[in-house]
Amino acid sequence: GFFCNYEAGDCFDDTDEDGCEQAFGDCNFEGDLCGWSDHKRDQFDWTRHRGSTGTSSTGPKYDHTRGSPKGYYMYIEASLPRISGDKAILKSPAMSAEGQCTLNFWYTMYGNTIGDLNVHLINETGQFVIWSKSGNQGADWISASYQLPTMSKFQIMFEGVRGYSVGADIAIDDVSFSGCTLASLCPEDAFTCGGLECIHKDEQCDFINQCSDGEDEAYCGSCDFENGICGLIQSVYDDFDFTRQTGQTASKGTGPSTDHTTGSADGHYIYIESSYPQQAGDKAE
């Protein structure tokens with residue numbers, strides 16, 4: 001039916017999409033990543049995608065949520081420049097929990113050179129692999145569940161490991177938690193350390209280790225532009241400036257419609273707007 005199909009316009013007032021919100025921590029990847037994010041300490045990223053992947057005879061043809069090429073899922077693309085053993089890690093928000101959670105998700109591991117899909121649990125006592133699967137599991141979506149130990153705070157990571165050739169696309173969809181109530185461990189203006197500590201975002205990349213694992217000072221040369229431009233400065237010796245943007249740029253037929261970090265129209269990137277009064281040869285630095 002049309003109820004909760006993630007398409008506007010079925011009802012003139014969009015009431016068919018009312019009440020379709022997901023609980024904190026759950027994600028079907030239809031609108032965005034729901035607070036899940038790429039881990040900085042891996043070799044490549046999970047990709048939010050719909051329809052078939054870019055390589056034949058591997059990966060899903062449609063998502064699990066809608067069972068349609070219009071639906072979104074997350075997957076690892078095994079084509080070049082990826083090599084055997086490369087890892088992509090997708091991590092959940094850090095979560096506080098009441099009750100004993102069961103992690104539920106759907107996955108596909110279809111291809112003749114499939115690598116590994118590992119699920120990691122991070123809690124106050126350390127990091128552990130709690131679920132793992134290797135090799136070709138067929139083209140269908142498969143359900144998986146794992147009952148987590150009772151704990152007050154935790155984080156989940158999905159680790160996709162590239163197999164020895166390009167027929168190694170692995171996908172996940174419809175991640176959810178049952179049997180518990182979850183909330184964000186850290187406030188919105190906080191940075192979450194790898195050890196499930198919360199520090200203010202202003203303390204990230206300030207050349208002082210506030211996180212016990214030093215993660216607040218790792219990879220500080222990078223910027224995803226989600227919360228500003230990370231101290232980068234517009235040059236005064238150029239002709240015009242880069243613009244921080246979400247969604248489609250102002251000119252049709254050019255520029256992106258989504259950012260790279262979140263894969264959605266809500267994510268930020270920077271770009272140069274080439275419309276008037278800019279002219280050929282103008283530079284932005």
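Mentor: A disulfide joins cysteine 101 to cysteine 180, with an S to S distance of 2.0 Å. Before we go on, note that this is a predicted model, where local features need pLDDT of at least 70, side-chain atom pairs count only at pLDDT 80 or more, and totals for chains, interfaces and linings use all residues. Residues are numbered from 1 along each chain as its sequence is written, and side-chain values use heavy atoms, with hydrogens and water left out.

Trainee: What makes the link of cysteine 101 and cysteine 180 a disulfide?
Mentor: The definition asks for a pair of cysteine sulfur atoms within 2.5 Å. The sulfur atoms of cysteine 101 and cysteine 180 are 2.0 Å apart, so the pair is a disulfide. With 110° about the S-S bond, this link is right-handed.

Trainee: Which parts of the chain does the pair link?
Mentor: Distant ones: cysteine 101 is in strand S5 (residues 95-109) and cysteine 180 in strand S10 (residues 170-184), 79 residues apart. Strands (E, at least two residues) and helices (H or I, at least four) are DSSP runs, numbered from the N terminus. Both cysteine 101 and cysteine 180 are buried.

Trainee: How many disulfides are there by this rule?
Mentor: The count comes to 4. One of them joins cysteine 27 to cysteine 34, S to S 2.1 Å. Its S-S torsion is about 65°, so this disulfide is right-handed.

Trainee: Why is cysteine 27 called buried, while cysteine 34 is called partly exposed?
Mentor: Buried means under 20% relative accessible area, exposed means over 50%, and partly exposed is in between (1.4 Å probe, protein chains only). Cysteine 27 has 1%, so it counts as buried. Cysteine 34 has 22%, so it is partly exposed.

Trainee: Is the disulfide of cysteine 193 and cysteine 211 right-handed or left-handed?
Mentor: The torsion about its S-S bond is about -70°, so it is left-handed. Cysteine 193 lies in the loop between strand S11 (190-192) and strand S12 (198-200), and cysteine 211 in the loop between S12 and strand S13 (243-246), so the pair ties together parts that are 18 residues apart in sequence. The sulfur atoms of cysteine 193 and cysteine 211 are 1.9 Å apart, and both residues are buried.

Trainee: What makes glutamate 159 and lysine 87 a salt bridge?
Mentor: A salt bridge needs a side-chain nitrogen of Lys or Arg within 4 Å of a carboxyl oxygen of Asp or Glu. Here the N to O distance is 3.8 Å, so the pair qualifies. Glutamate 159 lies in strand S9 (residues 153-161) and lysine 87 in strand S4 (residues 87-91), so the pair ties together parts that are 72 residues apart in sequence. Glutamate 159, at 8% relative accessibility, counts as buried, whereas lysine 87 is partly exposed at 36%.

Trainee: How many salt bridges does the structure hold?
Mentor: It holds 5. Among them is the one between glutamate 215 and lysine 91, whose closest N and O atoms are 3.9 Å apart. Glutamate 215 lies in the loop between S12 and S13 and lysine 91 in strand S4, so this pair ties together parts 124 residues apart in sequence.

Trainee: What makes a group of residues a nonpolar core?
Mentor: It is a set of buried Ala, Val, Leu, Ile, Met, Phe, Trp, Tyr and Cys residues joined through side-chain atoms within 4.5 Å. The largest one here has 35 residues, and those touching the most other members include Trp46, Phe105 and Leu117. Its largest share, 7 residues, comes from S5. A second, separate core of 5 residues includes Ile89, Ile122, Met157 and Leu196.
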